[in-house]
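User: I would like to learn how to read a structure like this one, step by step. Could we begin with how packed helices are described?

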Amino acid sequence: MSNIPQDLKFTRSHEWVKPLGDGITEFGISDHAQHALGDLVFVELPDVGRVLKLGESCAVVESVKAASDVYAPLSGTVVAVNDQLRHTPELINRDPYGGGWLVRLRSGAPADAGLMSASEYAVLTTQG
Amino acid sequence: MVDFGGWDMPVAYGSQIEEHHAVRRTAGVFDVSHMGIVDLRGERCREFLRGLLANDVARLNLPGKALYSCMLNEQGGVLDDLIVYYLDEDFFRLVVNAGTRDTDLAWIGARAAEYGVALRERRDLAMLAIQGPQARERSAALLTAEAAWAVLELQPFFGAQIGAWMVARTGYTGEDGFEIMLPAPEATSVWRRLNAAGVRSCGLGARDTLRLEAGMNLYGNDMNEQTNPLESGLAWTVAFDPPDRAFVGRAVLEGIRARGPQLKQVGLVLDERAVLRSHQRVLVPGVGEGCVTSGTYSPTLERSIGLARVPMATGLSVQVEVRGRELPARVVRVPFVRHGKALISLV
C-alpha cells in the first residue's frame, strides 16, 4: 500500500501538488509512481523561467526499468527546480513528497483546480 | 511482480540497484526455478547432442563439465541458448530458457527418439543461483563438511551431484558463484538460510543489469529464431571443427561464414544522461543503421550500457535515437564489468 498524504492533491498521471503560499505551488511524483518505476537513475527538469501549460510534459524521470514523462499539474512559470536530483535521483524513491520534489511554479490558477483529493487518488491507485 | 514466461516473478525484493551491488560486492541469491531442466538418458546421448547443438559436446571430457551452446534451426536461427552438463556417458542434463521450454522440448523430443534418447523434464527441481565474491563460501557454510569440501573444489563450469542436489559453478552475472538444482520443497528453507548467512534476495531486475554488464546475451532480446549466432556475438560458441560434424544449421552458417557476416554485435556506452533500451535505432554515419538489442543503466559504471546489432563496417562511435534525440555512443568490447571491475574506460 503506497503512502498518500492527506494534505496533498493528485493528478490522474500520478503527480502530487502542494501549495506553498504566495501563489507558489510545488509538485513531484507520488509514492505509487516511484514504486512502480523502481530505482530512479536520471531526472530531466525544466529550465527556471519556462512557462508551462496545464498537462504539458515538463520533466522526465527515468528508472532502471523505464523513462516516464511528468506533466504539469497546473499552468504557471517555473521558479525553482530541485537541482539535487541531478546527482541524487534516488531522493525521489526515498522521500517522494519531501526531498524528492521536482518543480516549483508561480501560478495564477488555484492550486487545486481539477485535481484529485488524497482519498480519490487512493481509489485510483488501488484500482491499478 | 511480473509475468515471465508464465512465472510470476519479482523484479526486485527492495532496491534493484542495491541488489545489483550486493552481487558485485558480497553475495546475492536469485530464484531461477523458471529455467527448464531436461535430463537426457541413453547410450547415444553424446552422438545425439553433437548433431543437435552448435557447440560440440565432444569437448565435455570430464564428468560434471558444462558447456554453453546455441540450439539452431535449419536456417541457422537461434531456437535457444542453453547449458549442457555431462554427468555420465548415458546421462546429460540441459538447462534451457523458460520462454522456449515447450518449443525446445518438442524440437528435442522429435529428434531424440531416433537415437533412443529419453527426455525427462525435471519440474520437481527448483533452481537457485547464488552469485558474488562471497557466494561460494556463504553457500558452502550451509552444507555438511564433506559436501562443503566437494563444492568448494569445483572448478569453473563444473557441476557435481551432492545427495539430491546438483551444484554447479556457473552463473549469469560475471561473478563467481553456484547454481543449485534441488528438490523444490527444500527451496524455501534453503533461501531463508542463505538470507540468514548474509546472501541478499535478488530479483529479475538485478539479474538483467548484472548479465548485461557481464556482456551476456538474453534470449529473445539479443538473438532469436531470425538471427544467427555469428551476427549475435556468439561465434565463439559455434564449433566448426571438426569439419565433418553435422549439426543442425551448419550448412547455412558455413555459407554466412564464407560470404562474411553482414552484421555484428557490439557493446555500447552512453556518456549522456539517458538510458539505452532495446529497439532503439543505431545510426552509423556513412555505413547504415542498426538496433539496440538490450539496454539498461549500469549501476557499477553509473551510466547506460547496451548491446546492439550493427553493420559490420561500424567503427568506434555511433548515434543512438533515444526518446527523439540522437545521442553519441561509444562502441566498446564486452564485457563491461567482470568480477566487480569496470573493463571500459570511464570519461
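User: Which residues of helix 1 of chain B meet helix 7 of chain B?

Analyst: This is a predicted model, in which local features need pLDDT of at least 70 and side-chain atom pairs count only at pLDDT 80 or more, while totals for chains, interfaces and linings use all residues. Residues are numbered from 1 along each chain as its sequence is written, and chains are lettered from A and ligands numbered from 1 in the order in which they are written. Helices (H or I, at least four residues) and strands (E, at least two) are DSSP runs, numbered from the N terminus, and two residues are in contact if their C-beta atoms, placed from the backbone, lie within 7 Å. Here B:Gln16, B:Glu19, B:His20 and B:Val23 of helix 1 of chain B meet B:Gly205, B:Ala206, B:Thr209 and B:Leu210 of helix 7 of chain B. Sorted by class, the contact of these two helices has three nonpolar, four polar and one charged residues, where Ala, Val, Leu, Ile, Met, Phe, Trp, Tyr, Cys and Pro count as nonpolar, Asp, Glu, Lys and Arg as charged, and the others, Gly among them, as polar.

User: At what angle do the axes of helix 1 of chain B and helix 7 of chain B cross?

Analyst: Two packed helices are described by the angle between their axes and the distance between the axes. Axes are lines fitted to C-alpha atoms, for helices over the stretch in contact, and angles run from 0 to 180 degrees between N-to-C directions. The axes of helix 1 of chain B and helix 7 of chain B come within 8 Å and cross at roughly 55°. That makes helix 1 of chain B oblique to helix 7 of chain B, since angles under 35 degrees count as roughly parallel, over 145 as roughly antiparallel, 65 to 115 as roughly perpendicular and the rest as oblique. The crossing of helix 1 of chain B and helix 7 of chain B is right-handed; a crossing has that name if the near helix is turned clockwise from the far one by less than a right angle, and is left-handed if anticlockwise.

User: How many residues of helix 7 of chain B are buried?

Analyst: A residue is buried if 20 or more other C-beta atoms lie within 10 Å of its own, exposed if 12 or fewer, and partly exposed in between, with the C-beta atoms placed from the backbone. Helix 7 of chain B, which covers residues 204–213, is mostly covered, with nine of its 10 residues buried. Among the buried residues are B:Arg207, B:Asp208, B:Arg211 and B:Glu213. The buried residues of this helix pack against several elements of chain B, including helix 1 (16–25), strand 3 (28–31) and strand 16 (288–298). Helix 7 of chain B is followed by B:Gly215, whose phi is positive, near 70°.

User: Which residues does a cis peptide bond join?

Analyst: One cis bond runs from B:Asp241 to B:Pro242, with omega near 0°, and B:Pro242 lies in the loop between helix 7 and helix 8 (250–259) of chain B. Another joins B:Val334 and B:Pro335, with omega about 0°, and B:Pro335 is found in the loop between strand 19 (325–332) and strand 20 of chain B.

User: How many helices and strands are there in chain B, and how many in chain A?

Analyst: Chain B has eight helices and 21 strands, whereas chain A comes to three helices and nine strands. Of the 347 residues of chain B, 45% count as buried, and of the 128 residues in chain A, buried residues make up 44%.

User: How many residues does each chain give to the contact?

Analyst: The contact takes eight residues from chain A and 13 residues from chain B. On the side of chain A that touches chain B, the residues divide into four nonpolar, one polar and three charged.
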